[in-house]
Amino acid sequence: MGPQTVHALDGVTVAIRRGEFVAVMGPSGSGKSTFMNLLGCLDRPDSGRYRLDGQEVAGLSSDALAAVRNRSIGFVFQSFNLLPRQTALDNVMLPMVYAGVGHARRVERALAALDSVGLRERARHRPTQLSGGQQQRVAIARALVNDPLLLLADEPTGALDTATSLEIIGLFQRLNRRGITVVLVTHEPEVARFAGRVLQFRDGRLLDDLRQEPEVAP
Amino acid sequence: MTGWDALRAALESLRANPLRSALTMLGIVIGVAAVIAMVAVGAGARDQVLRQIASLGTNLILVGQGSIVRSGVKLGAGTASSLTEDDALAVLSEIPGVVVTAPSVRWGLQIVAGNQNWGTVLFGITPDYMEARDWTVALGRGLSDEDVAQANKVVVLGQTVVRNLFGGGDPIGEPVRLFSTPLTVVGVLAEKGQNTQGQDQDDVIFVPLSTAKRNIPGMAKSNPRFIHTMVVKMRDGADMAEAQAQIRDLLRQRHRLIPGQDDDFWMRDLSEVSATRDESSRALSFLLAAVAAVSLLVGGIGIMNIMLVSVTERTREIGLRLAIGARRRDILVQFLIESITLSLIGAAVGVTLGIGTAVAVAALAGWPTLIRIDSIVLAVVVSGLVGVFFGLYPARRAAGLNPIEALRHE
């Protein structure tokens, strides 16, 4: 086999407006993960452009991208990725450690973020003392704490049961109604129903860009 | 990320695996403790030797008769009979800074008292000799100028000689015999013990210089003014090297040696003895440094190993930190501070253990120990450097992780 360039994404043009709730769907290998990594400034495109809030980020240095991620993007992962030995409060404060926020402000803002996910009274608990749904809510609080432009959730309900999944989706919808842009990667159509827009990827191309009336989570 | 945040994260992570952290520190702990304890023992021993040397007096110069060269054959020290009492007087009057010059002759012989006899070393001396070598009298009296002037048949005995001839009884006023000459014991020297070479300094007898020359067979030489050695005592703080050079010039001139001809006398001062000691303690220090270097190297490799394990274990954490805005430098600093903290805590434990060991050695074995602050500072600084050096590679590896892959790591 000779050297061969494989484009994980090819000829994809998408504009996501402020305040949208977008579900990204597609089988594995469809390019949706690459799309998410570009959106989250974790990866840089080999060619093409990515403008985030009017700023061209494709050519930024690694440090500058770290700053963009810190200020503008909140990540939510399938496996929560909480630091196991730290309290919920410490976990939520972590992004502010890299934003150079003073300690008193950190505590205040972290408590406010925990409040917005309904876990203020669990601030001193460690992840192991929390249920899966609660852990994911702590992770969402962590994603919110620096007031991001964009909340990027990668299979956020993948490790949760149906009832808890609905709870988390409901939380995303409430946050979205408050004006936060949400982009959510999922392979479950039941989750995608709650989004106002669904992007379907296959073989590195955007197959479908569908706007729909979202279902409202209980 | 501030240093405080990094330190907190480091301590948090070390606390997560207390046993592992403790075992990792062990290499540094042992290295540092060994350095501090061994330096304390070495410094204590050295300090003791230096005090012994200082008690001999470092401001003394010994001058002795050299060898004569006859038909190109050197006949050994003391074969020349060129050194004289007049040389001693000349050194005293002409060399600045000289306090006392004490000429002496030296002879090994048997001393007899009653039915006892003992082989010892006789020194024919003047009272100045006792002053120059810090001899004091424990019983009776020392030798006087009058004894020397009149060649009185009197003798002062060292403690070892007294023990062997009189079994510890009072020898003052007792008669003794040297060859066929009867002498009267007038004094006993205060005990001096062993010198730095382990020789018994108390196995000695003193008689007036004139008495020795007149009454010891074989002592009479062509020059009745000859001496074997002289002790030159300089005033405190005198430049010993300069004084030696001046004495050498004076003696060469007095002995009419032409340039290029060897000295017919030898000379040394006790600071040379302490220089020898310095050299052997330098060799000891070098050995210590080698031991310390090896154990710190091993400790450092242990730290590097465990930091690499830690980086692998915490790949997802690193990925998360990168995703939420940590720069590569933040990750590097976090892991570096962790390895430095590890080695510095190890150093602190090692310092405590080392001091404890030194104190225990002093108490149990009775060795003199001297805890050196500079050894503590050095051990801590080197441990910190070990932490940096061996932490750098794992930290760079952590900082170089790709956040996407790190987040996917199981």
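Visitor: How far apart do the end C-alpha atoms of residues 21–45 of chain B lie, and how much of the span is helix?
Guide: They lie 36 Å apart, and the span is 100% helix and 0% strand. Helices (H or I, at least four residues) and strands (E, at least two) are DSSP runs, numbered from the N terminus. This is a predicted model, in which local features need pLDDT of at least 70 and side-chain atom pairs count only at pLDDT 80 or more, while totals for chains, interfaces and linings use all residues. Residues are numbered from 1 along each chain as its sequence is written, and chains are lettered from A and ligands numbered from 1 in the order in which they are written.

Visitor: At what angle do the axes of α11 and α12 of chain B cross?
Guide: At roughly 150°, and the axes of α11(B) (residues 328–364) and α12(B) (residues 373–399) come within 7 Å. Axes are lines fitted to C-alpha atoms, for helices over the stretch in contact, and angles run from 0 to 180 degrees between N-to-C directions. α11(B) and α12(B) are therefore roughly antiparallel (an angle over 145 degrees).

Visitor: Changing topic, how many residues of chain A are in contact with chain B?
Guide: 19 residues of chain A are in contact with 17 of chain B, where contact means that C-beta atoms, placed from the backbone, lie within 7 Å.

Visitor: Which element supplies the largest share of that side of chain A?
Guide: α2(A) does, with six residues.

Key. Angles under 35 degrees count as roughly parallel, over 145 as roughly antiparallel, 65 to 115 as roughly perpendicular and the rest as oblique. Two residues are in contact if their C-beta atoms, placed from the backbone, lie within 7 Å.
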